[in-house]
Amino acid sequence: MRQSQLFTKTRKEAPADEVAKNAQLLIRAGYIHKEMAGVYAYLPLGFCVVEKIKQIVREEMNAIASQELIMTSLQRKELWERTDRWSDEMVDVWFKSELKAGGEVGFGWSHEEPIGEMLKGHLSSYKDLPISVYQFQTKLRNETRAKSGIMRGREFVMKDMYSFAADEASHVAYYEATKPAYMNVFRRVGVGDDTFVTFAAGGAFTKFSHEFQTICEAGEDVIYINREKGIAINEEVLNEETLSSLGVTKDELEMVKTAEVGNIFNFGQQKATDLGLAYKNEVGETVAPFMGSYGIGVTRLMGVLVEKFADDKGIVWPKSVAPFTVHLVGLNLEDEVVRDWVNGIYQNLIEHGIETLFDDRDARPGEKFADSDLMGMPYRVVASRKGREEGTFEVVTRATGEVRRLTEEELYADFDNDPNT
RNA sequence: CGGGGUGUAGCAUAGUGGUAGUGUACGCGGUUUGGGACCGUGUGGUCCGGGUUCGAUUCCCGGCUCCCCGACCA
């Protein structure tokens, strides 16, 4: 992508109505646009990041045999009345509207009820199980107070997955299998070491649910962790009973501020029973399947990455989710010889399969460097008159600030040898 | 939902009961070119509705908006 063609521009100053670092930087760098409180548009660069995260999630969900689909945003009132979750007293985040043809609809804040209803048409025998499906959906939630930029919005992208199993053993096995799959996602986006499978309030069906909590100062949660024992407990369930059942004492635990980037719920058979979802078992009995629900906050995760990795100059993307791997900064482009050479470099990078943002703008070096730092691509490759004369580039690693002078061959070799790029 | 703030140009800000200023961004001309350069010039603005007043961007009332703290977050 040529930066001169990119319709977004950077800003020097952060918007006055944003305090959250993630929103300030993402807006300044041109990744997102604030439409209203808690509602953000994803511009080309931001869209790229969302898609990269989604692709990682997709690969990991596919790897545990889940099938992608997409449900609807408009939902039927009757469905939610059946489980007593239509009223605003029971669920306070509903957006609702009326059909001109008559009747009410809800805007999807969750898809548990619709997915269960939909499956009634597809699940009739034990032979149909197990089933796991997932989607990437824009969830709409009428939060009374949106905050923290893209980390707590009224509209956000979530991956939600639902599993259905015939017996408890296979159900629990699947539930357990989602944990490493989720951790793979968090490891791949760069927060594996700081993300903990956390015991949390479980609701009516099991003692605990599990949250995936990532250490992040901008987060809303507090958890207690013990890295050696691999134990993490949400403060909401931190009590003597929990501690003794997990075999730890409170003074073995470290308190950390975290953001919830994922959660998984085990509903047992209760949810399917409530939904009226059932199948025939081997002996012809009507049985409710075991059900699980599994979420990952895609856009929240993006916000967490900005919060965790940004420095005083701007965003620092992990390679796996950066919109582009290389920010090619062309200098002295007014010189036709240099310009032709840098254009050639740009083409070569593309041909080597390296995603490249090429700053071909008619701007001064300082501005280009500042923008490059702000936008946060993993590598900055500076190609200038001096570089052409020497046959080298300045290659700067954004995360560490490491500066190297490499020839074109060395540059490609470097990328070829790096499995992450 | 309770409490506290806020609203002036695309963005960031100053100021005033009497023709609204600056920076940035943008247009044009020129000088520049390795860390957001500079000179000249130009375009562009008081959240909405009432009230007080000769006159309101300013004061008052209401609404809306956005932000913060708290509550909430199956």
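N266 lies in strand β13, which spans residues 254-268; strands here are DSSP runs of E with at least two residues, helices are runs of H or I with at least four residues, and both are numbered from the N terminus. The structure is a predicted model, in which local features need pLDDT of at least 70 and side-chain atom pairs count only at pLDDT 80 or more, while totals for chains, interfaces and linings use all residues. Residues are numbered from 1 along each chain as its sequence is written, chains are lettered from A and ligands numbered from 1 in the order in which they are written, and side-chain values use heavy atoms, with hydrogens and water left out.

With a relative accessibility of 12%, N266 counts as buried, a class that means under 20% relative accessible area, as against over 50% for exposed residues and values in between for partly exposed ones (1.4 Å probe, protein chains only). The side chain of N266 makes a polar contact of 2.7 Å with the side chain of H171. Such a contact is a pair of N or O atoms within 3.5 Å, of which, within protein, one must be able to donate a hydrogen and the other to accept it, and residues adjacent in sequence count only if both atoms are side-chain atoms. A polar atom of the N266 side chain also lies 2.8 Å from the backbone nitrogen of G268.

Chain A as a whole contains 12 helices and 21 strands, and its C-alpha atoms fill a box of roughly 80 × 60 × 45 Å along the principal axes. Of its 421 residues, 53% count as buried. Among the contacts in chain A with a separation of 6 or more, 67% are accounted for by residues 24 or more positions apart, where contact means heavy atoms within 4.5 Å. The chain exposes about 19,300 Å², of which carbon and sulfur atoms supply 49%; these areas come from the Shrake-Rupley method with a 1.4 Å probe, and for residues only the protein chains shown count as cover.

Helix α12, formed by residues 408-417, has E408, L411, Y412 and F415 buried. Seen down the axis of α12, these buried residues fall within an arc of 90°, so they line one face of the helix; the arc is that of the directions from the helix axis to the C-beta atoms. An α-helix has 3.6 residues a turn, so residues three or four places apart point the same way. On the face of α12 turned away from its buried side are the exposed residues E409 and N417. The buried residues of α12 pack against β17 (326-330), α9 (336-351), β19 (379-383), β20 (393-397) and β21 (403-406).

A polar contact of 2.8 Å joins the side chain of E408 to that of Y412. When residues up to four places away in sequence are not counted, E408 touches I345, N348, G391 and F393.

Salt bridges, defined as a side-chain nitrogen of Lys or Arg within 4 Å of a carboxyl oxygen of Asp or Glu, come to a count of 35. One of them joins the side chains of E68 and R58 (2.7 Å, N to O). Because E68 lies in strand β3 (residues 67-68) and R58 in helix α2 (residues 44-63), this pair ties together parts that are 10 residues apart in sequence. E68 is partly exposed, with a relative accessible area of 38%.

A salt bridge is also formed by the side chains of E252 and K229 (2.9 Å, N to O). This pair links distant parts of the chain, 23 residues apart, with E252 in the loop between α6 (240-246) and β13, and K229 in the loop between β11 (221-226) and β12 (231-234). E252 counts as partly exposed at 32% relative accessibility, and K229 as partly exposed at 43%.

The side chains of R405 and E390 likewise meet in a salt bridge (3.7 Å, N to O). R405 lies in strand β21 and E390 in helix α11 (residues 385-390), so the pair ties together parts that are 15 residues apart in sequence. Salt bridges that share partners join R85, E112, E113 and K271 into one network.
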